[in-house]
Amino acid sequence: LGTGANHQPAFALYTRGPKTSEFRALSIQVLEVRSDAISKMTNFIDTALFDSFSLPLVLPAIRQDSFQ
């Protein structure tokens, strides 16, 4: 999911285990952009930060037929 941090683009990463259909919070990536290119990526592996960005800790499963 897209978000922002310190006036920079950022996004949340979620992961899904092999025996579950829901996606759980993993980390937040913050991109530093210079001259229209990514110059730095910072990865925050702290799910407590998701609340600060108003992001859910769990996303529901995606139905397979939603891709057709």
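At 44% relative accessibility, Arg24 counts as partly exposed, a label for values between the cut-offs for buried (under 20% relative accessible area) and exposed (over 50%), found with a 1.4 Å probe on protein chains only. The model is a predicted one, in which local features need pLDDT of at least 70 and side-chain atom pairs count only at pLDDT 80 or more, while totals for chains, interfaces and linings use all residues. Residues are numbered from 1 along each chain as its sequence is written, and side-chain values use heavy atoms, with hydrogens and water left out.

Arg24 has a charged partner: Arg24 and Glu22 form a salt bridge in which the closest N and O atoms are 2.5 Å apart. The term salt bridge stands for a side-chain nitrogen of Lys or Arg within 4 Å of a carboxyl oxygen of Asp or Glu.

The strands come next. Helices (H or I, at least four residues) and strands (E, at least two) are DSSP runs, numbered from the N terminus, and two strands pair if DSSP finds at least two bridges between them. Strand 1 (residues 2-5) and strand 2 (residues 8-15) run antiparallel and are joined by 4 bridges. Within this pairing, Gly2 of the chain stands opposite Phe11 in strand 2. The two strands form a hairpin with 2 residues between them, and Asn6 in the turn has a positive phi of about 55°. Strand 2 is also joined to strand 3 (residues 23-34), again antiparallel, by 6 bridges. Ala10 has Val30 in strand 3 as its bridge partner.

Ala10 and Val30 belong to the largest nonpolar core, which has 9 residues, the others being Ala5, Ala12, Tyr14, Ala25, Ile28, Phe50 and Leu55. Strand 2 and strand 3 are the elements that give two or more residues to this core. A nonpolar core is a set of buried Ala, Val, Leu, Ile, Met, Phe, Trp, Tyr and Cys residues joined through side-chain atoms within 4.5 Å. In soluble globular proteins, nonpolar side chains tend to be buried together. Ala5 touches Ala10, Val30 and Phe53, leaving aside residues up to four places away in sequence; contact here means heavy atoms within 4.5 Å.

The structure holds 1 aromatic pair. Tyr14 and Phe50 make up this pair, which is edge-to-face, with 5.5 Å centre to centre and 85° between the planes. Tyr14 lies in strand 2 and Phe50 in the loop between strand 4 (37-44) and strand 5 (58-59), so the pair links distant parts of the chain, 36 residues apart. Rings of Phe, Tyr and Trp (its six-membered ring) pair if their centres lie within 6.5 Å, and planes under 30 degrees apart count as stacked, over 60 as edge-to-face and the rest as tilted. Both Tyr14 and Phe50 are buried.

Phe50 is also among the residues touched by Ser27, together with Phe11, Ala12, Leu13, Asn43, Phe44 and Ile45, not counting residues up to four places away in sequence. Ser27 lies in strand 3 and counts as buried, because its relative accessibility is 1%. The side chains of Ser27 and Asn43 are joined by a polar contact of 3.0 Å. A polar contact is a pair of N or O atoms within 3.5 Å; within protein, one must be able to donate a hydrogen and the other to accept it, and residues adjacent in sequence count only if both atoms are side-chain atoms.

The loops complete the picture. Ser35 is placed in the loop between strand 3 and strand 4, and Asp36 is found in the loop between strand 3 and strand 4 as well. Ser35 has a positive phi of about 50° although it is not a glycine, and Asp36, also not a glycine, has a positive phi of about 60°. Ser35 counts as exposed at 73% relative accessibility, and Asp36 is exposed with a relative accessible area of 81%. Pro18, in the loop between strand 2 and strand 3, is exposed at 86% relative accessibility. Pro18 and Arg34 are 16 residues apart in sequence and 38 Å apart in space, C-alpha to C-alpha.
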